[in-house]
Amino acid sequence: MTQPLPFLSALLGAERPLIMEVKARDAQGGNLLRGRAPGDLAAAYERSGAPCVSVVTGRWFGGSAAMLTEVTARIRVPVLLKDFVTRRDQIAAAASAGASAVLLTAALLPPESLHGLARECQEYGLTPFVEITRAEEAVGLPDPHRCVIAVNNKDITARERDAGDLDRSRVLLSAVRAAGTLCPVSASAVSSPEAAAGLLAEGYAALLVGTALLRAPSVEAWLREFDACRPRAVVPGTIPAPATASVPPSVPVPVGPVPAPPSTAVPTPTLAEPLLPAGPVAEAEGAPV
């Protein structure tokens with residue numbers, strides 16, 4: 001099997017698998033940057049341990065291509081470009097600007113176009129970040145183990161002005177996993193640390209969190225609360241050590257040869273396939289609005 005691409009690898013290896021987002025405005029036009037430069041905000045996310053950062057360049061949310069280049073110049077972690085990508089030249093531009101992943105919105109693309117753009121991303125070494133709202137949109141992706149499939153919890157037809165519905169992620173999780181991705185993501189409307197921790201506990205491998213972090217008085221405090229809501233984390237690639245019972249001093253220890261116990265060999269454990277965002281972003285030429 002081909003090795004996962006850098007963006008996907010970073011998520012799969014993260015102890016705190018949150019894609020933290022840089023976005024200028026919310027769906028109602030509210031200012032989310034509040035005087036902060038996109039590069040400074042991304043750097044703060046990186047310092048806080050973000051395995052990946054998302055940059056919304058689409059006009060729906062006040063974005064621009066300059067935001068992407070500013071962010072990729074400041075941070076070393078993989079960056080997701082979020083825009084309405086409908087053409088191959090947009091993928092080439094994203095790669096040139098230093099992106100590691102590109103949002104592909106299934107609701108805007110016929111299946112053959114979606115699959116062709118996913119292949120184009122993979123040829124450039126970019127992770128296709130395929131956003132769906134219906135189970136059938138996840139089917140048939142090329143090399144799905146090299147794609148992120150993200151459930152958008154908001155309504156793209158309403159330009160994401162709705163409150164969102166996390167039940168969509170819960171309903172679609174099994175379909176997303178069946179499609180073959182190693183990294184199901186729940187994206188948009190993840191508004192609280194408790195909700196974020198719950199989605200990971202239910203089986204998502206990662207989350208995309210945007211507005212909640214951008215509005216938080218303290219990103220560090222939000223993340224501490226998120227960590228406190230999660231069960232004790234197991235470092236990816238390891239399994240918990242079994243408890244070892246101690247022998248009380250009063251118990252006599254046998255002397256002489258001891259018969260070998262029956263074989264207790266256990267097959268080498270394998271990690272379960274990780275299980276889980278991203279909301280839509282700007283306007284592409286010819287995209288329905």
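1. On terms and source. A residue is called buried here if its relative accessible area is under 20%, exposed if it is over 50%, and partly exposed in between, with a 1.4 Å probe and protein chains only. The model is a predicted one, in which local features need pLDDT of at least 70 and side-chain atom pairs count only at pLDDT 80 or more, whereas totals for chains, interfaces and linings use all residues. Residues are numbered from 1 along each chain as its sequence is written, and side-chain values use heavy atoms, with hydrogens and water left out.

2. On the nonpolar cores. A core is a set of buried Ala, Val, Leu, Ile, Met, Phe, Trp, Tyr and Cys residues joined through side-chain atoms within 4.5 Å, and the largest such core has 71 residues, with Tyr-45, Val-53, Ile-132, Leu-207 and Trp-222 making the most contacts inside it. Helix H7 (residues 193–202) contributes the most to this core, with five residues; helices (H or I, at least four residues) and strands (E, at least two) are DSSP runs numbered from the N terminus. Apart from this core lies another, of 17 residues, which includes Leu-8, Val-185, Ala-187 and Ala-206. In soluble globular proteins, nonpolar side chains tend to be buried together.

3. On the surroundings of Ile-132. With contact taken as heavy atoms within 4.5 Å, and with neighbours within four places in sequence left aside, the residues that Ile-132 contacts include Ala-106, Glu-137, Ala-138, Ile-149, Leu-172 and Val-176.

4. On the aromatic pairs. Rings of Phe, Tyr and Trp (its six-membered ring) are paired if their centres lie within 6.5 Å, and the planes count as stacked under 30 degrees apart, as edge-to-face over 60 and as tilted for the rest; by this rule there are four aromatic pairs. The rings of Phe-7 and Phe-129 are edge-to-face, because their centres are 6.1 Å apart and their planes stand at 85°. Since Phe-7 belongs to helix H1 (residues 6–12) and Phe-129 to strand S5 (residues 127–132), this pair ties together parts that are 122 residues apart in sequence. Phe-7 is buried at 0% relative accessibility, and Phe-129 is buried with a relative accessible area of 0%.

5. Trp-60 lies in the loop between strand S2 (52–56) and helix H3 (65–74), and Phe-84 in the loop between strand S3 (79–82) and helix H4 (88–96), so that the pair links distant parts of the chain, 24 residues apart. Both Trp-60 and Phe-84 are buried, and ring pairs link Trp-60, Phe-61 and Phe-84 into a cluster.

6. On Asp-26. Where is Asp-26 placed? Asp-26 is in the loop between strand S1 (18–22) and helix H2 (38–47), and Asp-26 is buried, with a relative accessible area of 8%. Polar contacts are pairs of N or O atoms within 3.5 Å; within protein, one atom must be able to donate a hydrogen and the other to accept it, and residues adjacent in sequence count only if both atoms are side-chain atoms. The side chain of Asp-26 makes such a contact with the side chain of Arg-215 at 2.6 Å, and the side chain of Asp-26 reaches the backbone nitrogen of Gln-28 at 3.0 Å.

7. On the salt bridges. A salt bridge is a side-chain nitrogen of Lys or Arg within 4 Å of a carboxyl oxygen of Asp or Glu, and the count comes to 11. Arg-134 is bridged to Glu-137, with the closest N and O atoms 3.2 Å apart; Arg-134 is partly exposed at 44%, whereas Glu-137 is buried at 9% relative accessibility. Arg-170 is bridged to Glu-202, with the closest N and O atoms 3.0 Å apart. This pair links distant parts of the chain, with Arg-170 in helix H6 (residues 167–178) and Glu-202 in helix H7, 32 residues apart.

8. On helix H2. The buried residues of H2 are Pro-38, Gly-39, Leu-41, Ala-42, Ala-43 and Tyr-45, and the buried residues of H2 pack against S1, S2, H3, helix H8 (211–215) and helix H9 (219–229). Just after H2, Gly-49 takes a positive phi of about 105°.
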